[in-house]
Amino acid sequence: MCQVDEDYQDGLERAEVPSVSKKCVKCKEASAAVVIRAGDTYCRGCFKEYFIHKFRAMLGKNRIIFPGEKVLLAVSGGPSSCSMLSQVQEGLSQNAHKKLRFLPGIVYIDEGGAVGQSVEERQRTVAELQAVFKATGFPFHMVPLEEVLDLPSSVVVMAPSPSEPPASAYKAAVDHFIQSDSSGCLTPQYQEQTLLPEVQESRTQVLQQLIGSAKTLTARQDLLNTLRQHLLVHTARTKGYSKLMLGDNCTRLAVKLLTSLSLGRGAQLAQDTGFSDSRYGDIILVRPMRDYSAKEIAYYNYMFNVTSVFIPSLDTKTTDKASIQRLTESFVTKLQADFPSTVSTIYRTSEKLQTACRSSCTADHPDRCLLCMCALDTAVENASAFQATLTSEQLSQSKSLGATRTEIPRQIRAPVEQCCSSGGGEDCGRAETGGDCCSSAKEPETIDLKSLLCYSCQLTIKDMASVEHLPQYILSEAQKRQRRYQMREEISEFLLDDGDEGD
């Protein structure tokens, strides 16, 4: 307890700040060149060895990427993804102690049209990244974000995943790869180059209308991330890659975890922040940079001349309160400056999270979100926080039901030239008698997108002025799922339950 006569003249002792004049904590000989954390001082050589070992250990510990497998590196031009590219290039060099055994490729998604860059600015950025990619010798693909408007509906369908190999399969694959490599059977990979095609201005305007239809910056960023991931997965599938390597670092994942909680994506945290993400089935997303902090990456890129390209995003030059993502990033970075264990504490918490995903989810199973492809979290009991939120929302909007609706229905008309018959090339026969097809007499279908989305994606779609701006592959898949659900409801009386099969 405080006393009246207590002496407060003695000030608090200042903690000793590590100095670069100290010796390296690893080799104990060379002078320290970088201070990662309090007490962790490394010389230049030991820091490089530490950085490379952490990347190799992350891949070796999980054993998801098999030898000889094609892996697509998603490089955005930022420090983290460029550092990831440098680590892969270092691991495949002839001087590497333990060489990496997969076949890499590079993909870059040009988002200049979505953020309002001019054609000259986009060309300048692409030219800089193209020079970096050519120097690696890896195949690379430059894809404009406008191509997301022409994707097939299979992108938002979970493809059949290959059967899980036994524990001994990885060792057998390593032995086979070493024998093939020693016998000279492996030929160097041809550097395939897919340059950025010329984008029509009309397609860029359609993309800007799609992003601009979201009223808030939070919804625009979330929608852009979803479209980017769809395009990355589609590129990996069409180019024959089975793994997609992302450059998310520890700091970014800590921000992403808190942001996802704020956006209602708590059920998807394990997939959004974990090392591997198999939500798409045949394409597995991996995050080998998740153990690195942004500070470590910045030091490494500066000390070893790793080239990165600054590319503006939607939240560039915005205030801290412009969006939930921006506010969370500002909160975490400022807290990290005063409490250096903030990011690591949040990150270690994310490692303990797991998602209970039903194994019955297949390509034809509708219980997956139409946008993020995660398991739907809306099928909960009535006595839940989710149902309480919906009830409160409905009651608050009951007075102005005509102006604001909690449902998100939109009419999607079938093409005029399409007959109601689903047979190949056949029609219903009314055209021969001079009448119109029977489908023209039907009322346009109303699709409730809300029932096909998880809670977080519902909030994103709710912030959009009109869902008619969504790409056609999303709308067509929504129409297909709605019809399948209606068909199942119609024949539900004639379906046998699991308990009736033995009768």
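Visitor: What covers the buried residues of helix H6?

Guide: This is a predicted model, so let's read it as one. Around H6, the cover includes helix H3 (112–115), helix H4 (119–136) and helix H7 (217–238).

Visitor: Which residues of H6 are buried?

Guide: Look for Thr204, Leu207, Leu210 and Ile211. Seen down the axis of H6, these buried residues fall within an arc of 120°, so they line one face of the helix. On the other side, Glu201 and Gly212 are exposed.

Visitor: And how many residues does H6 have?

Guide: H6 runs over residues 201–212, which makes 12 residues. From first C-alpha to last, H6 reaches 16 Å, close to the 16 Å expected at 1.5 Å a residue.

Visitor: Let's go on to the core. What tends to happen to nonpolar side chains?

Guide: In soluble globular proteins, they tend to be buried together. Here, the largest nonpolar core has 53 residues.

Visitor: If I click on Leu244, what does it touch?

Guide: Leaving aside residues up to four places away in sequence, you'll find Leu72, Ala74, Leu232, Val233, Ile283, Ile284, Leu285 and Val286. There's also a second, separate core of 52 residues, and its members include Tyr50, Tyr108, Leu257 and Val332.

Visitor: Now the rings. How many aromatic pairs does the structure hold?

Guide: Eight. To read one, check how far apart the ring centres are and how the planes are angled: planes under 30 degrees apart count as stacked. Tyr42 and Tyr50 have their ring centres 5.1 Å apart and their planes at 20°, so this pair is stacked.

Visitor: Is Tyr42 buried or exposed?

Guide: Buried means under 20% relative accessible area. Tyr42 has 11% relative accessibility, so it counts as buried. Tyr50 is at 15%, so Tyr50 counts as buried too. Both belong to one aromatic cluster, together with Phe47, Phe51, Tyr292, Tyr300 and Phe304.

Visitor: What sits over the ring of Tyr292?

Guide: The charged end of Lys54 does, 5.2 Å from the ring centre. You can look for another case at Tyr241, where the charged end of Lys70 sits over the ring, 4.6 Å from its centre.

Note on methods
Residues numbered from 1 in each chain as written. Predicted model: local features only at pLDDT ≥ 70, side-chain atom pairs only at ≥ 80, totals over all residues. Heavy atoms only, no water. Helix = DSSP H or I, 4+ residues; strand = E, 2+ residues; numbered from the N terminus. Expected span 1.5 Å × (residues − 1). Buried < 20%, exposed > 50% of the residue type's maximum accessible area, 1.4 Å probe, protein only. Arc of directions from axis to C-beta. Contact = heavy atoms within 4.5 Å. Phe/Tyr/Trp six-rings, centres within 6.5 Å; stacked < 30°, edge-to-face > 60°. Lys NZ or Arg CZ within 6 Å of the ring centre and 35° of its normal. Core = buried A, V, L, I, M, F, W, Y, C linked by side-chain atoms within 4.5 Å.
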